[in-house]
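Colleague: I would like to learn how to read cores, salt bridges and surface patches in a model. Could we take them in turn?

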Amino acid sequence: CVGCVWVVVVIAVLKIFVILYNAEQIWELFDLTRLDFLTSKMCRKNVGILYKYRDRSITITNFYQNYSTAVFIIWIIIPLILNTFVMMEDQNKRYYNIFNMQYPVSTSFYNQYYYIFYLIEIAMGIFVLNYWIIIDNFLISLCWAIIAQYEVITTAFKNIGNDCKSENHQNGTSLYCSKN
């Protein structure tokens, strides 16, 4: 469907414009994603959480990248397979293409210069795929980094006061907190 292709292209370009429009706020978010952002002693004890989320983010973005690339490669190969193995008996039928776009040219002209149109569609697909993946991987990584920071802070707050020991005296119970 030709409309679907243009919707995907428009969404990819819209993502780029939204990122560029909000670039200042995004730069401010980079300060939150540094490994040394949380400098308190309790937060530094939980730095392993940041590494765990970093590894998870790498795994997710690599999977997303590889999956998207594999789907795109299959998508661009299918028209070639169909045109090669599905014999067209009717010369007035257009060759299959990637995006199923109807160009304003005659069928014979399109079939004669099919590979040029095919390369144009591959270039459009690579453009959309690259910008789609770059922006999505950026947002996935940024969100996982912020989630990790919140988990470090949550874990640090849960452990506040756990270094205090209670001592029983004759008059009652008192708390002794060590300063580490």
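Modeller: We go through the features one by one, bearing in mind that this is a predicted model.

Colleague: Which residues have the most contacts inside the largest nonpolar core?

Modeller: That core has 13 residues, and those with the most contacts inside it are Ile76, Ile98, Tyr103, Tyr110, Tyr118 and Ile122. Two or more residues each come from H4 and helix H6 (114–158). H6 gives the largest share, six residues. A second, separate core has seven residues, including Leu50, Tyr53, Val152 and Ala156.

Colleague: What does Tyr110 touch beyond residues up to four places away in sequence?

Modeller: The contacts of Tyr110 are Arg94, Tyr95, Tyr96, Asn97, Tyr103, Val105 and Phe117.

Colleague: How many salt bridges does a search of the whole structure find?

Modeller: Side chains of opposite charge can pair when their charged atoms come close. Here the search finds three salt bridges. One joins Asp136 and Lys15 at 2.6 Å, N to O. Asp136 is in helix H6 and Lys15 in helix H1 (residues 2–21), 121 residues apart.

Colleague: Is Asp136 buried or exposed?

Modeller: Asp136 has a relative accessible area of 14%, and buried means under 20%, so Asp136 counts as buried.

Colleague: Which residues make the nonpolar surface patch of about 390 Å²?

Modeller: Ile74, Ile78, Leu82, Val86 and Tyr96 make the patch. Val86 sits in the loop between helix H4 (47–85) and helix H5 (107–112), and is partly exposed at 36% relative accessible area.

Notes
Residues numbered from 1 in each chain as written. Predicted model: local features only at pLDDT ≥ 70, side-chain atom pairs only at ≥ 80, totals over all residues. Heavy atoms only, no water. Patch = residues over 30% accessible without salt bridge, like charges linked within 9 Å, V, L, I, M, F, W, Y side chains within 5 Å. Areas by Shrake-Rupley, 256 points an atom, 1.4 Å probe, with all protein chains shown as cover. Salt bridge = Lys/Arg side-chain N within 4 Å of Asp/Glu carboxyl O. Helix = DSSP H or I, 4+ residues; strand = E, 2+ residues; numbered from the N terminus. Buried < 20%, exposed > 50% of the residue type's maximum accessible area, 1.4 Å probe, protein only. Core = buried A, V, L, I, M, F, W, Y, C linked by side-chain atoms within 4.5 Å. Contact = heavy atoms within 4.5 Å.
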